[in-house]
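Hi there,

Here is the structure I promised to pass on. Have a look at it first, and then read on for what turned up.

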Amino acid sequence: MNQRETKSPSVSLRSDKTLSSGRGNRAAETDKRMRELEYFSSIRLLPGTWPVIRVDGRGFTRYAGERFAHPFDINFLHLMEEAARALLDGLQGIYAYTMSDEISVLLPREWDLFDRRLEKAVSVSAGLASAAFTMAAGEPAHFDSRVWLGTGELLVIDYFSWRQGEAARNALHSWCYWILRKEGASVSEATQMLRGKGTAFQNELLFQHGINFNETPLWQRRGDGIFWEEYEKEGLDPRDFSPTVTRRRRICINRELPMKDEYRHFLQGVMGGRQ
Ligand SMILES: Nc1nc2c(ncn2[C@@H]2O[C@H](COP(=O)(O)OP(=O)(O)O)[C@@H](O)[C@H]2O)c(=O)[nH]1
Ligand SMILES: [Mg+2]
């Protein structure tokens, strides 16, 4: 039967019910066909693994470069902390770590938000970070997002130690780079002068410019930890005005994180009791 014939009077004699169920079937078929092409929606974070979501500022060399002091600006850190808070709260995370323009958020192993859907995890986290940073900065900024999966506690500790090591390398390099730039070197000259140079060379360069790298603020070299802290709140029972104590939790920031084995121990504590 061609298109014309379907519009013939004989077809219109069919009962309303038959007609509407025919349309309903077609709509359901279209719906199914279209949804099948939402090809990635069924990908879920592997069960039993610890998800870490890492967001990273998009084009922040330029964005932060035009608005904040070099190489580090505490005002920039405050904005990253706002974004980290939003992620910890909005994703039901356990621990957030920020350095430079990135934030890693550790989720509990049994995390079941969004049915562990990957698309939701990356899109909602990028949205949360972008919105919180933008609100705090008063100007639009965007973050991208990716997921890392830890198959065990030790690997999660290795992950955060890896990011902390990156923070130290990045801080030393950034200090050197901006000393050279402020002395008049161009982007390519400063980059070239530091290419392949080890930590001893970089430390010495800073020292010759009156900077002892080990005396720069800890958050610049070790990054910044954001986590939940439990506390007791005293109040009054409204029924008989007797004193009460309730346990609450709040977000707490550590800008003086330990490093190496002490940091590993700290991370163990953060994950403790959440396996
Ligand atoms: N001015 C300034 N820039 C910062 C600060 N923290 C991070 N950045 C910049 O953020 C950039 C982060 O690197 P990356 O993500 O690779 O660059 P992107 O691809 O341009 O976002 C670096 O270029 C840093 O210089 C800060 O406190 N002040
Ligand atoms: Mg970036």
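Before the helix packing, one convention: axes are lines fitted to C-alpha atoms, for helices over the stretch in contact, and angles run from 0 to 180 degrees between N-to-C directions. Please also keep in mind that this is a predicted model.

The axes of α7 and helix α9, which spans residues 199–208, come within 10 Å of each other and cross at roughly 45 degrees. Angles under 35 degrees count as roughly parallel and 65 to 115 as roughly perpendicular, and α7 and α9 are therefore oblique to each other. Their crossing is left-handed. On the α7 side, the contact is made by L172, H173, W175, C176 and I179, while α9 brings in T199, Q202, L205 and L206. Sorted by class, the contact of α7 with α9 holds six nonpolar residues and three polar ones, with no charged residue.

Next, the sheet. What is the order of its strands? Reading across, the order is β4-β1-β3-β2-β5-β6, in an open sheet of six strands with antiparallel pairing. The edges are β4 (143–150) and β6 (243–254), each of which pairs on one side only. From one strand to the next, the twist averages 25 degrees.

Another helix, α6 (residues 118–137), lies across β1, β3 (102–106) and β4, and α6 runs at about 135 degrees to β4.

How many residues surround ligand 1? There are 15, and the closest are F60, T61, A64, F68 and F76. Two elements give two or more residues to this shell, namely β1 (50–57) and α4 (60–67). The largest share, four residues, comes from α4. By class, the shell around ligand 1 divides into five nonpolar, six polar and four charged residues.

Enjoy looking around, and write back with any questions.

Best wishes

Technical notes
Residues numbered from 1 in each chain as written. Chains lettered and ligands numbered in written order. Predicted model: local features only at pLDDT ≥ 70, side-chain atom pairs only at ≥ 80, totals over all residues. Near = placed C-beta within 6 Å. Nonpolar A, V, L, I, M, F, W, Y, C, P; charged D, E, K, R; others polar. Pairing = 2+ DSSP bridges. Contact = placed C-beta atoms within 7 Å. Parallel < 35°, antiparallel > 145°, perpendicular 65-115°, else oblique. Left-handed = near helix turned anticlockwise from the far one by under 90°.
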